[in-house]
Amino acid sequence: RILSFVSTTFLIWVSEPLLSLVDSATVGRFAGRSTAAGSSSDLASVVQLAALGPAVVLCDSSIYLTLFIAMATTNKLATAFAKEDKAEQIETISHVMGVSLAVGSLLLLFVMLRGEGLLASILGPDGAKIATTGAWGATKQVDKTSEVLSEALGYSRIRSLVSPLAVMGLTAQSALLCAGDTRTPALAVLLASAINCALDYLLVAKFGLGVRGAAAATAVASASANSFLVRKLYLMFNSWKSSFRSSVGNKDDAEYKFVTFPDRKSFLSLLKLAGPLFGVMAAKIFGYNSLTVRAGSFGLVALACQNILMRIFFFFATVGDALNQASQTFLPGLLVIKDRGVTETHVTAVENPARTLLKRLTVISCLSGLVNCILGRLIARYAGGIFTSDANLIRLMAHISPFMGLALSLHPLTMALEGSIIAANDAMYLVGTYGLTLAVLLAQLKFACKDFLGVWHTLLLFQMLRISQFGIRVWKKTASKDTGARPNETS
């Protein structure tokens with residue numbers, strides 16, 4: 001059951017990284033081509049890829065930051081399902097969809113109004129400089145900052161147009177998965193992938209629209225898939241309302257609309273869970289973005305290489321997201337059942353099904369990490385020509401590939417452990433550990449990162465710190481309860 005859920009969820013979570021990966025491959029291969037002359041320019045391709053780097057970082061990070069809503073949805077719904085509380089299920093869906101709409105709209109305004117400044121910060125002062133060789137063999141530095149920034153801003157603004165629907169779709173996807181519906185999100189992924197691939201080829205390869213064409217393709221694909229998800233959740237929500245109304249005969253409790261904003265009490269309850277998760281997501285995004293900023297300081301080729309490698313990394317990292325989702329979906333119910341069993345039976349030792357689940361997730365995570373390491377390294381080392389025709393860029397990808405593989409090998413177990421901590425409502429521990437880890441990461445980038453390879457040394461250190469901190473926490477928490485619970489004392 002766990003393997004089935006994880007494999008299906010992987011195919012679902014891979015949607016957004018896959019869209020960005022297709023964008024990178026299409027732009028890298030076709031953006032520098034002149035449709036009239038049938039020729040191509042490696043420099044134009046590198047410029048387009050470099051522009052895609054900060055643009056994708058901004059767009060994907062913005063959406064990823066809102067994942068705290070989806071994570072809170074999973075936690076609240078899983079607990080409601082375990083308690084068989086239909087009213088709480090209905091209320092949770094109504095409130096989280098309202099919050100998702102509001103956050104997505106704010107995200108749209110933020111990118112439109114402040115996107116240029118953020119992109120300039122990500123790009124850095126040296127991220128758009130490249131060394132070129134003149135007719136007489138002389139080498140000079142060419143600054144492409146204005147071109148890269150213009151293309152990046154165009155991409156970001158186009159993709160941000162569908163931000164409200166994207167955030168609602170992400171929340172709807174988590175709710176459907178928690179309800180056991182893996183078919184609908186899987187169909188949504190297939191729909192998005194087909195539309196994105198077709199439009200990428202048409203707009204970028206045929207019409208020569210470059211990164212703006214890639215952004216339009218991704219926006220249309222995202223809007224189509226997320227509309228499909230939201231509609232399915234709407235139908236499920238209405239069926240829950242009908243079932244609840246017929247069972248209790250109380251119309252007032254079942255009259256929640258599909259999208260409503262929570263009252264003060266409900267908002268504070270949601271904030272208590274979602275607030276720490278927001279801090280966790282913000283810390284992770286800041287850490288990953290810091291890597292891109294540091295990579296940009298080593299020049300245009302390094303920035304373009306960072307964009308491609310991070311797209312590969314996040315594509316395989318979705319295995320970890322699937323394991324994280326599995327932990328959050330299954331563990332809350334097991335914890336509720338265990339607590340209920342202890343309360344009702346007053347036994348001195350009880351079986352710990354949560355510990356058993358964690359052991360199985362650990363085995364799956366280790367095997368997944370090994371597969372990720374091998375496949376990710378092979379793609380970066382031998383398949384660079386899929387993403388670009390620039391020889392320097394291909395060589396740099398191959399040089400970095402071993403460290404990307406090592407970072408990928410640790411990611412599934414890291415995310416499974418993180419999901420276990422969230423499922424146990426221990427998110428404040430994550431906030432503290434991420435604060436410490438982020439401080440180490442920034443110090444490493446500033447004082448010990450002397451070249452582009454050092455950026456990936458830092459990412460590997462980031463993974464090692466997280467997996468050790470999370471592993472110790474989960475082991476201590478489960479070990480203390482593994483012998484069972486003491487009987488309740490009566491006076």
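Asparagine 425 counts as exposed, at 55% relative accessibility, where exposed means over 50% relative accessible area, buried under 20% and partly exposed in between (1.4 Å probe, protein chains only). This is a predicted model, so local features need pLDDT of at least 70 and side-chain atom pairs count only at pLDDT 80 or more, while totals for chains, interfaces and linings use all residues. Residues are numbered from 1 along each chain as its sequence is written, and side-chain values use heavy atoms, with hydrogens and water left out.

Asparagine 425 sits in the loop between helix 13 (391-423) and helix 14 (427-448); helices (H or I, at least four residues) and strands (E, at least two) are DSSP runs, numbered from the N terminus. Its phi is near 55°, a positive value in a residue other than glycine. Most residues other than glycine have a negative phi. Glutamate 84 also has a positive phi, near 60°. Glutamate 84 lies in the loop between helix 4 (67-83) and helix 5, and at 69% relative accessibility it counts as exposed.

Two packed helices are described by the angle between their axes and the distance between the axes. For helix 4 and helix 5, the axes come within 10 Å and cross at roughly 175°; axes here are lines fitted to C-alpha atoms, for helices over the stretch in contact, and angles run from 0 to 180 degrees between N-to-C directions. That makes helix 4 roughly antiparallel to helix 5, given that angles over 145 degrees count as roughly antiparallel, under 35 as roughly parallel, 65 to 115 as roughly perpendicular and the rest as oblique. Helix 4 brings Ile69, Thr73, Lys76, Leu77, Ala80 and Phe81 to the contact, and helix 5 brings residues including Ile93, Val96, Val99 and Val103, with contact meaning heavy atoms within 4.5 Å. By class, the residues divide into 8 nonpolar, 4 polar and 2 charged (Ala, Val, Leu, Ile, Met, Phe, Trp, Tyr, Cys and Pro count as nonpolar, Asp, Glu, Lys and Arg as charged, and the others, Gly among them, as polar).

Helix 5 (residues 86-123) also packs with helix 10 (residues 264-296), at an angle of about 25° and with the axes 14 Å apart. These two are therefore roughly parallel to each other. Their contact involves Glu91, His95, Val96, Val99, Ser121, Ile122 and Leu123 of helix 5, and Ser266, Leu270, Thr292, Val293 and Gly296 of helix 10. Here the tally is 6 nonpolar, 5 polar and 1 charged.

Across the chain there are 15 helices and 2 strands, and 55% of the 491 residues count as buried.

Leaving aside neighbours within four places in sequence, tyrosine 155 is in contact with residues including Asp23, Leu52, Val56 and Val211. Leucine 52, in helix 3 (residues 42-65), is buried, with a relative accessible area of 0%.
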